[in-house]
Amino acid sequence: MNELILIVEDEQDVAELVRYNLEKQGYRTVIADNGERAITVVQCFEPDLVLLDVMLPELNGWGVCETLRASSKGKSLPVIMLTALSAEENRIKGLSLGADDYVSKPFSVRELLLKVGKLLEKRRAITALLKKESEQDSSFRFLVHELKNSVSIIGGFSSLAAAKSDPGRYMGHIASTALHMENLLNDASLLAKLEGGTGSLSREPVFLGELAKDTIETFGAEASARGMTVSLSDAPSAVVWGNKTVIRQILVNLLSNALKYGRQGGRVRIALHERNKWIDIAVRDEGPGIPKNELPKIFDKFYRGAESKTMAGSGLGLFVVKLFAHALGGTVSAASELGKGSTFTVSLGRVRSAQSPPSAAA
Ligand code: ADP
């Protein structure tokens, strides 16, 4: 709680009393001693709430309230009127001009703090909701954009294939674009489920060795096209209590990155390690590595490294890996050395016996 509150009050002792009590609660404050200054402070400092005295010289509190409501920065700003005028008519006037609440002078500090706390709580909830909506909206627009691009790439290569005498040349592009679309749709539908908070993931014992072998096979053609090898070092009881679809997608995203960013002709190694209550899944490549300044950002939604922007991608892959690993009660980390390669490690709760799920992960 570090919100900024604008106190609009021309009586200095009242302003200081309010400031003292608000700062004691952990809020930041700024004081304006007339209406015009109040409007300037709102435009420049964008406070989170305004305590507005009615009786101000020149532009009074009602005028300030009306002006704020007509401006983009003030239209949804919580405003509490501080008024010595307790007559019903005056309270109604304040509320009808867009104030959210009022406190009659002389006021009780407890009542004032309570009203401030309630309005700020409401504002936080609305801000969080708007943020979520705009993120979902941008994810949707992004998905449509990526799919449209992919469809036109497939269309373009298909027309070329139909017109040329050597259509086989274009099939690789068509297949890899179709795979990109499939990954994107898989990520998006699982993401929507998790981000929307709808339903929990079903759980079952997942045998990681088998799942990794299966997943590696699906990348056989891609790996050989790049002259790369993919190996697996299994652990005898690498069984986790998780969701097979979600873990498969984690492996798919890490493996496809390792092949995309790894060194042509190089190795990709997947290793499963048992560590106390955890199974670590490490995916290691011999690519150029990730610059130190990019490493903390690679799990952010839509983040793409500077060198990667020329390659196909969405910036969603690692974000999805992180979200999925967390949804399963696990973690993910990345280590990288420039010129040597990168290792991504996902740790998931281990099942000692397939019949008895660990209580923490169940
Ligand atoms: P995308 O691959 O679509 O760009 P990701 O979320 O999968 O998106 O990855 C984010 C960024 O992290 C990539 O753009 C790239 O810069 C970096 N990255 C991911 N995996 C690797 C890797 N194995 N080697 C080097 N850089 C990687």
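Two strands are said to pair if DSSP finds at least two bridges between them, and the strands themselves (E, at least two residues), like the helices (H or I, at least four), are DSSP runs numbered from the N terminus. With that in hand, take Thr-229, whose bridge partner in E9 is Arg-267. This is one place where strand E7 (residues 229-233) meets E9, and the two run parallel, joined by five bridges.

Before I go on, please keep in mind that this is a predicted model, in which local features need pLDDT of at least 70 and side-chain atom pairs count only at pLDDT 80 or more, while totals for chains, interfaces and linings use all residues. Residues are numbered from 1 along each chain as its sequence is written, and side-chain values use heavy atoms, with hydrogens and water left out.

The pLDDT is the predictor's confidence in each residue, from 0 to 100, and for this protein its mean is 87, with 94% of the residues reaching 70 or more. Over residues 354-362, however, the pLDDT is below 50, and this stretch has 11 contacts in the model beyond near neighbours in sequence, a contact being heavy atoms within 4.5 Å. Where pLDDT is low, the predicted coordinates should not be read in detail.

Let me stay with strands for a moment. E9 also pairs with E10, this time in the antiparallel sense and over seven bridges, and within that pairing Ile-270 stands opposite Val-283 in E10. The hairpin of E9 and E10 has two residues between the strands. Together with helix H1 (residues 12-24), E1 and E2 make a right-handed β-α-β unit; right-handed here means that, with the strands pointing away from the viewer, the path from the first strand over the helix to the second runs clockwise.

Now to the interior. A residue is called buried under 20% relative accessible area, exposed over 50%, and partly exposed in between, using a 1.4 Å probe and protein chains only. A nonpolar core is then a set of buried Ala, Val, Leu, Ile, Met, Phe, Trp, Tyr and Cys residues joined through side-chain atoms within 4.5 Å. In soluble globular proteins, nonpolar side chains tend to be buried together.

Which residues have the most contacts inside the largest nonpolar core? They are Leu-208, Ile-247, Leu-254 and Val-346, in a core of 50 residues. Among the elements that each supply at least two residues of this core are helix H5 (109-163), helix H9 (244-261), strand E9 (267-275) and strand E12 (341-349), and the largest share, nine residues, comes from H9. A second, separate core of 22 residues includes Ala-38, Ile-39, Val-64 and Leu-68. Going back to Val-346, its contacts, not counting residues up to four places away in sequence, include Leu-254, Ile-279, Val-321 and Val-332.

Phe-299 counts as buried, at 12% relative accessibility, and it touches residues including Leu-318, Phe-319, Val-332 and Phe-344. The C-alpha atoms of Phe-299 and Val-332 are separated by 9.3 Å, although the two lie 33 residues apart along the chain. In helix H10 (residues 317-327), the buried residues include Leu-318, Phe-319 and Val-321.

Most residues other than glycine have a negative phi, and most peptide bonds are trans. Yet Phe-302, which is not a glycine, has a positive phi of about 70 degrees, and Asn-276 takes a positive value near 50 degrees. Phe-302 counts as partly exposed at 28% relative accessibility, whereas Asn-276, at 60%, counts as exposed. A cis peptide bond, with omega about -5 degrees, joins Lys-105 and Pro-106, and Pro-106 has its place in the loop between strand E5 (101-104) and H5.

Cys-44 counts as exposed at 55% relative accessibility, while Cys-65 is buried, at 0%.
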